[in-house]
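Biologist: I want to learn how to read a fold from its computed features. Please show me the model and take me through it.

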Amino acid sequence: MHEIEEVADLRTEQIAQRASPSLTFADLLTLRDKAAQRVDEGSAGVVITQGTDTIEETAFALDLLWSARAPIVVTGAMRAPGAPGADGPANLLAAVQVAASPAARDLGALVVFGDEIHAARFVAKAHTSSPAAFRSRQLGPLGWVTEGRPVIATIPARRLHLTVPSDANVPPVALVRLALGDDGRILTTLPSLGYAGAVLEGFGGGHVAPATVPLIESLAARMPVVLASRTGSGEVLSRTYRYPGSEIELLELGVVRAGALDGLKARVLLSLCLAAELAKHQIASAFEMLGPDGGPATPGAALLDGAAHGKATTSRPSATDGDCGSRRAPGTLVDSTR
Ligand code: ASP
């Protein structure tokens with residue numbers, strides 16, 4: 001595509017050729033390192049192309065793992081190359097235009113689809129086949145690409161960076177959706193299956209059936225348990241309902257509130273918090289930092305050191321492109337508030 005060559009001087013590299021459901025966190029750590037290397041060598045931005053099925057998870061994981069100022073832009077295609085109206089070439093061109101644009105700096109990982117620019121944290125694949133499958137239900141796209149020009153119209157209040165070393169073990173985290181009439185017996189099996197954490201997608205504002213409460217209590221005593229909502233939009237409540245199985249009672253049992261993250265995003269965050277060896281209260285802080293009232297809306301960064309278990313300090317975000325997550329000490333959590 002000669003249009004792309006007019007936008008940027010591209011260097012390409014294939015990391016894997018697999019359907020996206022077979023990608024792993026280890027693949028993402030490799031990808032993060034390769035992208036960081038390219039930025040260190042002078043690239044203005046990085047574009048990742050992959051199958052669309054897992055983009056909502058891979059892009060958010062990269063967002064958490066990425067602390068360079070250069071953008072990392074994920075895209076793909078909903079239609080096969082030979083299909084009428086194939087969207088791959090246009091998505092790729094727009095992704096390159098965004099990655100090369102100064103407007104996209106400091107925004108972390110973005111997903112570009114159908115000339116829309118989405119924050120990795122909010123975007124989801126919301127349709128099985130539509131070329132407009134990628135949507136940010138909570139707030140819409142951050143911007144768009146018009147006549148080849150990327151426009152950023154709104155910027156999320158804060159991002160979170162987790163330092164996870166390249167060779168980190170990312171422990172297994174279960175994602176369990178609660179459903180009508182289910183007594184939750186699957187929860188009793190999670191520890192013996194080797195799970196290190198669990199995300200529960202509760203009903204509505206974060207509720208479960210009373211029969212499951214003792215199971216959740218004993219699970220929360222053994223591993224971090226995060227409560228998300230199966231509605232996929234809005235926040236998990238914190239002080240509205242008090243009854244057996246309500247959000248207030250679950251939070252009193254030590255369950256961590258996912259805030260406005262859906263179950264898939266919450267699972268990515270919990271997995272990487274565990275990989276960063278954060279203590280339980282730090283995991284709760286990480287979820288709070290991504291919440292709507294998660295910290296001061298002034299420039300700066302809150303830093304929690306996992307190794308020191310909770311010693312909190314404040315520092316300025318680094319202004320160097322080379323400041324990628326792989327180089328900080330293991331167990332460091334940085335909230336880059338904009
Ligand atoms: N199944 C494909 C995947 O790997 C779908 C796609 O290529 O978009 O995600």
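Biologist: Where does glutamate 147 sit?
Modeller: Glutamate 147 is in the loop between strand 7 and strand 8. Helices (H or I, at least four residues) and strands (E, at least two) are DSSP runs, numbered from the N terminus. Residue numbers start from 1 along each chain as its sequence is written. The model is predicted: local features need pLDDT of at least 70, side-chain atom pairs count only at pLDDT 80 or more, and totals for chains, interfaces and linings use all residues.

Biologist: What is the phi of glutamate 147?
Modeller: First the general idea: most residues other than glycine have a negative phi. Glutamate 147 is not a glycine, yet its phi is positive, about 50°. Glutamate 277 also has a positive phi, near 60°. Glutamate 277 belongs to the loop between helix 8 (263-275) and helix 9 (280-289).

Biologist: Is glutamate 147 buried or exposed?
Modeller: Count C-beta atoms, placed from the backbone, within 10 Å of the residue's own: 20 or more others means buried, 12 or fewer exposed, and in between partly exposed. Glutamate 147 has 4 others within 10 Å, so it is exposed. Glutamate 277 has 19 such neighbours inside 10 Å, so it counts as partly exposed. Across the chain of 338 residues, 46% count as buried.

Biologist: How do strand 7 and strand 8 run?
Modeller: In general, strands of a sheet pair through backbone hydrogen bonds, either parallel or antiparallel. Pairing here requires at least two bridges found by DSSP between two strands. Strand 7 (residues 143-146) and strand 8 are antiparallel, joined by four bridges. Valine 145 faces proline 150 of strand 8.

Biologist: Which strand order does the open sheet have?
Modeller: The six strands follow the order 1-2-3-4-7-8, and the pairing is mixed. Strand 1 (46-49) and strand 8 (149-152) are at the edges; each has a single partner strand, so one side of each lacks a neighbour in the sheet. Ignoring direction, neighbouring strands are turned by 25° against each other on average. The axes behind that angle are lines fitted to C-alpha atoms, for helices over the stretch in contact; angles run from 0 to 180 degrees between N-to-C directions.

Biologist: Which residues surround the ligand?
Modeller: Ala19, Ser20, Gly51, Thr52, Asp53 and Gly76 do. Near means a C-beta atom, placed from the backbone, within 6 Å. The shell has one nonpolar, four polar and one charged residue. Ala, Val, Leu, Ile, Met, Phe, Trp, Tyr, Cys and Pro count as nonpolar, Asp, Glu, Lys and Arg as charged, and the others, Gly among them, as polar.

Biologist: Last topic, sequence separation. How far apart are alanine 26 and valine 170?
Modeller: They are 144 residues apart in sequence, but 7.7 Å apart in space, C-alpha to C-alpha. Alanine 26 lies in helix 2 (residues 25-40). Proline 165 and aspartate 33 are 132 residues apart in sequence and 9.5 Å apart in space, C-alpha to C-alpha. Proline 165 is in the loop between strand 9 (158-162) and strand 10 (173-177).
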